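Subject: Handing over a structure

Hello,

Here is the structure I promised to pass on.

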Protein chains: 2
Amino acid sequence: MECIALGTGGMMPMPLRLTTSVLVRRQGRMLMFDAGEGIQLALKQGNLGIRRLDAIAVSHLHADHVLGIPGILMFRAQNQDPGPLSIIGPPGIERFVRHTLDDIQYYINYALNFVEWKSHDTPCTWEWHGVKLSWEPLDHSTFCLGYRLEEPPRPGTFYPERARALGVPVGPLFSQLQAGQSVTTPDGRTVHSNEVLGPPKRGRIVSYATDTRPCPGLAQLLRNADLAFVEGMFSLFHKEEAEKKGHMTAAQAATVAAAASVKHLILVHISPRYTRQDEAVLASEARAQFPSVEIARSLGSYPVPLPSESQ
Amino acid sequence: MECIALGTGGMMPMPLRLTTSVLVRRQGRMLMFDAGEGIQLALKQGNLGIRRLDAIAVSHLHADHVLGIPGILMFRAQNQDPGPLSIIGPPGIERFVRHTLDDIQYYINYALNFVEWKSHDTPCTWEWHGVKLSWEPLDHSTFCLGYRLEEPPRPGTFYPERARALGVPVGPLFSQLQAGQSVTTPDGRTVHSNEVLGPPKRGRIVSYATDTRPCPGLAQLLRNADLAFVEGMFSLFHKEEAEKKGHMTAAQAATVAAAASVKHLILVHISPRYTRQDEAVLASEARAQFPSVEIARSLGSYPVPLPSESQ
């Protein structure tokens, strides 16, 4: 599993930073978080085809998070038979997309499936090829969702000496046990994988949360994430503005990530006011709270690390 | 009067060419033709503020001509009190813009004035600070308008010897006569400007026409234009495709421009399939029909030449 930061800025597309959007690739499939105006340019710059894009998960109905969706839909339609696409997001995302389809008559050659947040009592999960996508409301100036991807548990550590002791010969039966299957030994005995494997290990966790103030939903989405994309829109110099506008400082994002035991934090949705040089200030403010943090790079690729054995 | 090619491509924004959009600047005011996705990036790259943008004139309701409008509206709203903005275009342009305003809740701090084409019997003109903007339906796969800007006539050539002969002393009265005003000589005689000026000269003409096959409306819009932006989407190698899709080859655009006595032709809406090298082929195909032609450069600035005295 790998994440690519298509855009890293906030508010509006800039030559230095397109608006924040993250593409997740896993086993040949793709899922995208947010799509602001011009984000298809990043796909083209990165030579990234999206025939295998299964879903766009949208945080909220502000222009810098949705205006690129029609362009993404059209770009995907240049592939033959790309299969259905799901659009997940806040109430109103379907209306926005359908209006563009009606008003500017663009052609798409696949079905759209909309999954809108309805209420706190409605399940907020969607399955992406075995990976669980879940979402939580955040605390922004308008209704906004944060997301979390959780891979299924991986089989535990394989202990070959246990398998041998149970009469399993070295060879293909070992692989089957390692994959979590039961096998029959040459002397007719059934060996279950749990007899030769350690406890299952949790799968990898990726979080995506922008735009928001610190809030319980954010902490929930970030807990134990191996890789978390979180807004760090402002420097400490603009802390009051951040609070007022429903955003965070880079330092606040780092503080929340530290408390949630995030493994590695990538700051996104950087304000257009900041230069490349300013980014170093944001990074150092964040690092004072949490060492494993960096500012997202446009088209930066971020492999998701495996959880350590102890987790 | 000067025109800036914000984007020069067709179909979708590409790193090499944003979608076709032309910004016209005259006496500190601005008017924009078309606005596809990401066109605000060109404004920022060119360091072009749009507080004084009075109108966006839209050719048709395809994504590559309108998806950038919400971004332009928001970018303009970052100025204090920028004054009203007119959006001129085909039926449905108001519905598209109003839907985006309703669906993604962006803020604008000025009034919008919509001027939609209604019928062949409705006047198709709009006044832009003394300049006449007019439009004509073209021949595309969907209803599409081309545009023409005509400056008011300029005063004719000033003949100082005539003024002196009529008793006007050299000085400020000369300037008033040159500007078309009447003056009173020191001996009490009234001299009218037409006594000392040659016949009025026509103002400059700029045409903008994409996407279209050759058609009478196109010829009408281009006649005697001092500067014409016309689609030259395809090479002769793709002539059939051009015809089928409601487009033109570069050579066809040049042929129409020559017949319409265009002074200088800028080809826009270049297909994304063509590289920079391919552009030389398109240019040479066009030049075989009409010598004064070039392929638009991204952020290229094109001053509008004054009509020659004979026109």
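The notes below start with one whole chain, then turn to the interface and to single residues.

First, a caution. This is a predicted model.

**Chain A as a whole**

Chain A holds 10 helices and 16 strands. The C-alpha trace of chain A spans about 70 × 50 × 40 Å along its principal axes.

How much of chain A is buried? Of its 311 residues, 59% count as buried. The accessible surface of chain A is about 12,400 Å². Carbon and sulfur atoms account for 52% of that surface.

Contacts also reach along the sequence. Take the contacts in chain A between residues at least 6 apart in sequence: 65% of these join residues at least 24 apart.

Charges come next. Chain A carries 30 positive and 30 negative side chains. The centres of the two sets lie 5 Å apart.

**Where the chains meet**

How many residues of chain B are in contact with chain A? There are 33, and they contact 33 residues of chain A. Between them, the two chains bury about 2,700 Å². Of this buried area, 61% is on carbon and sulfur atoms. Three residues deserve a look here: B:Glu37, B:Asp103 and B:Ile104. They supply 22% of the area that chain B buries against chain A, more than any other three residues.

**One buried tryptophan**

B:Trp135 sits in strand 8 (residues 131-137) of chain B. Is B:Trp135 buried or exposed? Its relative accessible area is 4%; buried means under 20%, so B:Trp135 is buried.

Which residues does B:Trp135 touch? Leaving out residues up to four places away in sequence, the list includes two other tryptophans, B:Trp117 and B:Trp126. Also among them are B:Ile88, B:Val115, B:Cys124, B:Leu145, B:Tyr147 and B:Leu221.

**Cis peptide bonds**

Look at the bond between A:Thr210 and A:Asp211. It is a cis peptide bond, with omega about 5 degrees. A:Asp211 is in the loop between strand 12 (205-209) and helix 7 (216-222) of chain A.

Chain B has a cis peptide bond too, joining B:Thr210 and B:Asp211. Omega there is about 0 degrees. B:Asp211 lies in the loop between strand 12 (205-209) and helix 7 (216-222) of chain B.

**Positive phi values**

Two residues other than glycine have a positive phi to check. For A:His129, phi is near 45 degrees. This residue is in the loop between strand 7 (125-128) and strand 8 (131-137) of chain A. A:His129 has a relative accessible area of 48% and is partly exposed.

For B:Gln105, phi is also near 45 degrees. Where is B:Gln105 found? It lies in the loop between helix 4 (93-104) and strand 6 (112-116) of chain B. Its relative accessible area is 43%, so B:Gln105 counts as partly exposed.

Best wishes

Conventions. Residues numbered from 1 in each chain as written. Chains lettered and ligands numbered in written order. Predicted model: local features only at pLDDT ≥ 70, side-chain atom pairs only at ≥ 80, totals over all residues. Heavy atoms only, no water. Helix = DSSP H or I, 4+ residues; strand = E, 2+ residues; numbered from the N terminus. Buried < 20%, exposed > 50% of the residue type's maximum accessible area, 1.4 Å probe, protein only. Contact = heavy atoms within 4.5 Å. Areas by Shrake-Rupley, 256 points an atom, 1.4 Å probe, with all protein chains shown as cover. Lys, Arg positive; Asp, Glu negative; His and termini not counted. Charge placed at Lys NZ, Arg CZ, Asp CG, Glu CD. Buried area = accessible area lost by both parts, 1.4 Å probe.
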